[in-house]
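Subject: Structure for you to look at

Hi,

Here is the structure I said I would pass on.

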Amino acid sequence: MEDKFKIMVVDDDENILFAFKKVLEKDGFIPLFATNGTEAMEKIEIDKPDVIFLDIAMPGVNGLEVLKQIKDKGIEIPVIIITGYGTMQTAIKAIQLGAFEYLTKPLDIARIRVLIQRAIEMRQLKNKVRKLEAKYSEFDYDEEKYQIIGNSHKMQEIYKLIGVISMTPNTTPVLIMGESGTGKELVARAIHRSGPNAQEPFIGINCPAIPENLLESEFFGHEKGAFTGADRRKLGKFEIAGKGTILLDEITGIPPNLQQKLLRVIQEREFQRVGGNEIIKVEARFIATTNLNIVEEVRKGNFREDLYYRLSVFVIEIPPLRERREDIPLLANYFLKKYSNEMKKKVSAISDSAMEILLNYDYPGNVRELQNIIERCVILSKGEIITPELLPENLKSYQRGDFLRDKQEIITGEDLDIPIVSENLSEARKRVIEAFEKKFLKELLKKTRGNISLSAKIAGTTRQNFIYLLKKYNIDPGIYRH
């Protein structure tokens, strides 16, 4: 008879341990438990589990320190980090330290089962995850202006990608895609700051902002007398970057003739100054960003196909803010604190009604637009709380359609029965939408028997946003569970 696999869970939360025990025993695994890091290390060496689920926040030795000890001892066991409050720093550090996966609470049982299977298959087939050097886990992330704010699932995935790419050699280029204002440069800086060459220069070049006749000299530098006005040698950005990072911001703004030269530099890792003969080696990493559909630009002939393929060795796509609405409160409060401190004002909170408006808006300008909105509110504020009156008018009148779109089939044929007499059009529209949302939520919960996760999935929204709506309309999902 085949031996049962042993799954260890390290967490100081008894509810988490109990939930894991039920799932693991039901699936035929042998559950092992530890409630702190010291106990975990003792049991790991004795019991030799096949997979480890490891919480970060524990008394005494935290999860990241335990993970480091496991890797330092050369113990080849897949470790899945779990945490109740994920940040960019912990996600990057976990990946750098060699974590098999990184999960945030509340945990998805289906996802846990898939990960256990993947981890076991990896061990059986000896396709082990490459160990990431622990010495790269100690970088300082205190430079606040370059922080990435967001705890949503999509941002957790971005953090993990940053952790992976930061450990590759500088010869691996990166292409970061996303709408304007999503934070592409912040991601580029995070890659630079979390890598082994963090102390080397980070050189950003805004490609469309530099005139075409000066861009080549900006890239490669020039020798004295190379052209009219070149009265001395100038070092280009590619040379100044050393072993650091070169950010080619909005790379689709590079003219076609220079695209070919850039391709050669990225491939050959060398160049010559304008008007010079000396071969200069490129040691920096190239990171390119674009807010355009670069595949479409290639199709139109505006961007070289071979350069696109060379740059897209490793691609990171930054989600727009409307696709990670659960990060809006975190971002809004971060900017509130930032501008309150800068302006020396005592604005300390955002009212629930104002936050509801912020959550409802789609942000075509993404995080940058939200930042500008909060800055404006702090400037206008005369008290300690941001209220709806301080928000721009276009936000207050905005009606988001993504939650309701294509959901009418859930509603039964009953009338909503909303009195709209003596109300203006804006108020009438608002009441109709609210009544429709409330009825939709109730019908959906009835259909799923109160299953919040399934209801959110059917609705096409996040679990957090679904819970927010339930609270908004004072709906108890428990009454639908039978």
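Before the notes, one term: when I say that residues meet or touch, I mean that they have heavy atoms within 4.5 Å. Please also keep in mind that this is a predicted model.

First, the overall picture. The protein chain has 19 helices and 16 strands. It runs to 482 residues, and 49% of them count as buried. If you take the contacts between residues at least 6 apart in sequence, 72% of them join residues at least 24 apart. The accessible surface of the chain is about 24700 Å², with 49% of that belonging to carbon and sulfur atoms.

How many of its nine residues are buried? Seven are, so H4 is mostly covered. The buried ones are Met88, Thr90, Ala91, Ile92, Ala94, Ile95 and Gln96. What do they pack against? Their partners are helix H3 (63-72), strand E4 (79-83), strand E5 (101-104), H6 and H7.

On the H4 side the contact uses Met88, Ala91, Ile92, Ile95 and Gln96, and on the H6 side Gln156, Tyr159, Lys160, Ile162, Gly163 and Val164. By class, that contact has seven nonpolar residues, three polar and one charged.

H6 also packs with helix H7 (residues 184-193): their axes come within 8 Å and cross at roughly 40 degrees. H6 and H7 are therefore oblique to each other, and this crossing is right-handed too. Here Ile158, Ile162 and Ile165 of H6 meet Val187, Ala190 and Ile191 of H7. Which classes turn up in this contact? Six residues are nonpolar, and there are no polar and no charged ones. Notice that Ile162 takes part in the contact with H4 and in the one with H7.

Helix H13 (residues 328-342) and helix H15 (residues 366-380) have axes that come within 9 Å and cross at roughly 45 degrees. That makes H13 oblique to H15, and the crossing is right-handed. H13 brings Ile328, Leu331, Ala332, Phe335, Leu336, Lys338, Tyr339 and Ser340 to the contact, while H15 brings Val367, Leu370, Gln371, Ile374, Glu375 and Val378. These residues divide into ten nonpolar, two polar and two charged.

You will find Pro388 in the loop between strand E16 (385-386) and helix H16 (393-396). Is Pro388 buried or exposed? Its relative accessible area is 16%, and the cut-off for buried is under 20%, so Pro388 counts as buried. Leaving out residues up to four places away in sequence, Pro388 touches Ser351, Ser353, Ala354, Ile357 and Lys396. Pro388 and Ser351 are 37 residues apart along the chain, with their C-alpha atoms separated by 7.8 Å.

Over to you!

Key: Residues numbered from 1 in each chain as written. Predicted model: local features only at pLDDT ≥ 70, side-chain atom pairs only at ≥ 80, totals over all residues. Heavy atoms only, no water. Axes fitted to C-alpha atoms, helices over the stretch in contact; angles between N-to-C directions. Helix = DSSP H or I, 4+ residues; strand = E, 2+ residues; numbered from the N terminus. Parallel < 35°, antiparallel > 145°, perpendicular 65-115°, else oblique. Left-handed = near helix turned anticlockwise from the far one by under 90°. Nonpolar A, V, L, I, M, F, W, Y, C, P; charged D, E, K, R; others polar. Buried < 20%, exposed > 50% of the residue type's maximum accessible area, 1.4 Å probe, protein only. Areas by Shrake-Rupley, 256 points an atom, 1.4 Å probe, with all protein chains shown as cover.
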